[in-house]
Amino acid sequence: MELFTRYNQPRFKKMKIPILDIVDDVVIESSLAACSLAAKLAAAGRNVILAGSALSPGREVAVACRAWHEDTGDVPAEKGWRNILQPALDTTETAGKRLIDLTSFTLGLENRLLDAGVRLLHGQSPAGLIMDRHGTVHGVILGGNAGLFGVLAERVIDASDTATLSRIAIRSVLPPGSQTESVSWINYADEIPEGYNGDRLAPGIEVSRYGPWLQWTLSLPVDKTHPEWMLNLSTTVRRKVIQAMKSMHSLPDNAAIRLVRGGDALLLRGTWRPSPTAELPRGLFQPSALSMDIEFLECNGMTAVWNRGIEIANHLASRTNRETHRPDNAELVARTSPPGSVPCPTEPAWGCSDPAGECARHGFVSWDGAVCAVTESDVIVAGGGTSGIPAATEAARQGRRVRMLDPFADAGGTQTLGGVASYWYGRKTDYVAKHDKEIDGLRKSYGLSLALAKFAMVADSGVHLHLPSRIVGVGYANAKIEAVLAVGTTGLMLHRGRNFIDATGAGDLAAWTDHPYAYGSGRDEATLWYSFGKFIGARENASREYESVVDLRNPYDLTRAVIASRRRDGIYGRGDMPCFYCAPRESRHVLGRTTVCYDDILLNRRPPDTVMVCRSNFDIKGICHDPLALAGFVEPDFHRNYECAIPWRALLPRDLDNVIIVGKAYSIAPAAFALARMQRDLIAMGALAGLAAATATAADTDVASISVDALQRTAIAKGLLQNSDMIPPPQPETGILLAALDAGNLDLSGQMQLIATAKTIIPELRQRMETATTEAISLLAARILWQATQDPAAGRRMIAALDRVLASNVLPSVDGDEGRHKNPDHGWAPWPCYLIHGLSYAGYRPLLPRLAEFAGRMPLRLEMTDRHFHYVFAVACAAERFADPQLAPILKQLLSLDWLRDKVLTEDRDPRLTRDTIQERFAYLTLCLARAGFACGLPDATTIQDHFRRDQRRWLARSAGGSPERASGTSVRTLANLP
């Protein structure tokens, strides 16, 4: 099996945009009126997609955090709206208004849409229109984690608050020139002083209080013809709030507010409309008052806004639909910027999507090649999260021109929007301590939220911020990225740079150039569990859940994951405010010039080009497929930390010279990544990349060409690295390790050292197998010898241990800290399962009859944490590796168990059904058995696999599509095949 996969995306000079779906209506952005409109259209029998840039519907409520409600009482409420609003309202009133539980509100709104039959696409920003040569609109271009993709539709309804698509269709949406915009931004405040006076605390800003919520309203001049006007508005509002906080905290009586978090969307007063002389093209609708309207909300209440959407749906139903004829895709073109925009250079190849995202279900359309603006920078940082912020800050502090782009308006990523605000592990370097001190100083001195403090730090360093701005494509040539494409308010923008730092966490930039990468485990693309949390009051840490897999490359799977997660309780309960951020612990790992492997960590290797050292506990959080881990070489102590040296080559993509991969996508094997991904370490990695990019740009070269020695010296000077980090730690002598084995206290690192030297001490290990004082010592010696040499004596000793288990009629359970996390997590399993995996990887045929006996011990039903889950998994994996027809009967027997039936959830099923993570694990177990059955010639297995290929949980569908030989080996280096 190839761990790193190339998906063979054609390199188009003229970019092709894949078509994901064909529907009747696409409603763009998810305001309240847009939601009621979509629900009404779907209930009338229309095939409707509602696509929103946020991960929550009800944009001007949930995403903007407008968590209070007031109705005039004279607007009749439709039943569906009452069912959404009433359960979410607090029983008490504050200043004549009732507070809203935003999680409950979002749940109710999403349920209303799904019950009506609306198909949702969360996290997808409007980026353009699909038009024919006559100017008729035939669909929409959206941009998200999957890059750019299209949806063909009879009608496109632009409900965005900035009339994005209408502005792309026609330039004259509003009169040009500067205008004054009244903007509101809402924050949760943990501490509000008694006798609060908004005017005194925030001069020039109107501040209104609703319980713990503060609404900051500013009147700002803005040139709405500028392609970045909305980005500028977003950053300007935050700068002014930061300045107001600094002013109020300097008052003599220190009457200070403490902010916790803010909404990710601004509220704009007024509604975008086409100018009276403008005529929208056929197929595109932009009804007045459909988009967000803060004045409409405050004067008439949310009920009136909801009703307005229903009125518009009734109006659209009365319109005569255009003829159903749709041109061939070859006749269609994607327009992503207004008429007369800047033509895009044709020299580089353009990549806008990953073929693995499966967006090209209905072919492709061509891009017209226009962008609304072009910028030039020394360093471009893609991603404003844990690694992106220190990367941008350090590059700018070295005097470079730096742009940082991120899909969200707030900075911080996982640590802020994702609600993982605390550190548990990671190396405490001097640099990280200084970084945290700077952030904490801003927070404590001025009452800033974590996100605002991060924003202030990076903005003050001189970085040009593009927040929110979603990167959706790249231009590349001659082993270099030349520019990135990003979705702006008025269409696509092109940002040129000399060196690039990919801090997206998913390796987007490299993937869109068709660079090889691994996804998740490499075996099944099963990643570490993701999280989508809910905040509780003033907590900075969200109530997260992390027991499932998401494929960010697929727009529908991202939406499904959010829908499912919204219906799970987190570690602290349900929470009253949803996150804006789906936080995957793992997605792509871009193939670098070297790859950090699991045994590198366990042996504490230190490559000559080590530029940082990570530190973490054993924390896989998922189903591991590393041969060493499956064979039982895992750490039983959850609290023990390991160090992992990261070489410079692991941050450099193999085929790109001017890109550094930081965050969660650098070149590391999945099992190793579980121990080298903590926030402290990713902060240090980002800072290192920023220094390297600044150094390369100053020397007018690419990051791949800089001196590693000089970079190491810089890292040491900055407190990112120590001189001792490059020196391999002394290894204990073999005699000491054997003595520890004899005493029964040989730790995991010692076990790995013996595996590495086992070929030279075969007699000593055989002796301990035969004369050890305990069964555990004898078996460990056999496992070490087998892992390194496949010694027949060790194989016989392991088989004998399995025979004793079968004779006892009691299957051992999981050792270690089983109660801390639900199994199957962390690579832990009952020890006989380790033997089954270790023997089957080497194809040891005496294991075959024992597999049937283990299969016969399985109960009719089990719980997820029950040891039997691991035994079924081990038997299935072993059977697939052997691919022996004599195993078909036992696989058929296991597949007949009632807890493994009907586990497929096809794409036409309700995505809410995927909330059950236990059933997801059982579905995977069923799939493992079906794959094994296919390999062993079981006829029924093919049917089960075919069903799973249509499962809406894309990691299961992809796993079903794999060939049986994938299970027979791995390209990840293991100690068993080292010379």
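Helix H22 is the top contributor to the lining of the second largest pocket, giving 6 residues. This is a predicted model, so to speak for local features a pLDDT of at least 70 is needed, side-chain atom pairs count only at pLDDT 80 or more, and totals for chains, interfaces and linings use all residues. Residues are numbered from 1 along each chain as its sequence is written, and side-chain values use heavy atoms, with hydrogens and water left out.

The second largest pocket has a volume of about 650 Å³ and a lining of 26 residues, with Gly632, Gln751, Leu780, Arg783 and Asp815 nearest its centre. Two or more lining residues come from each of helix H19 (734-743), helix H20 (748-757), helix H22 (775-789) and helix H24 (831-841). Helices (H or I, at least four residues) and strands (E, at least two) are DSSP runs, numbered from the N terminus. On a 1 Å grid over the protein atoms alone, a pocket is an open set of points with protein on both sides within 12 Å along at least five of seven lines, a cavity is a set where a 1.4 Å probe fits but cannot get out, and lining residues have an atom within 4 Å of a point. Grid points are joined across faces, edges and corners, and a volume is the space filled by probe spheres set on the points.

As for cavities, the structure holds 6 of 30 Å³ or more. The largest has a volume of about 480 Å³; 28 residues line it, and Glu29, Ser53, Arg59, Ser125 and Pro468 are the closest to its centre. H7 supplies the largest share of that lining, 3 residues.

Leu851 touches Ile836, Val875, Ala878, Phe882, Leu887 and Ile890 (heavy atoms within 4.5 Å), leaving aside residues up to four places away in sequence.

There is also an open, antiparallel sheet of 3 strands, ordered S3-S5-S4.

Conventions:
Two strands pair if DSSP finds at least two bridges between them.
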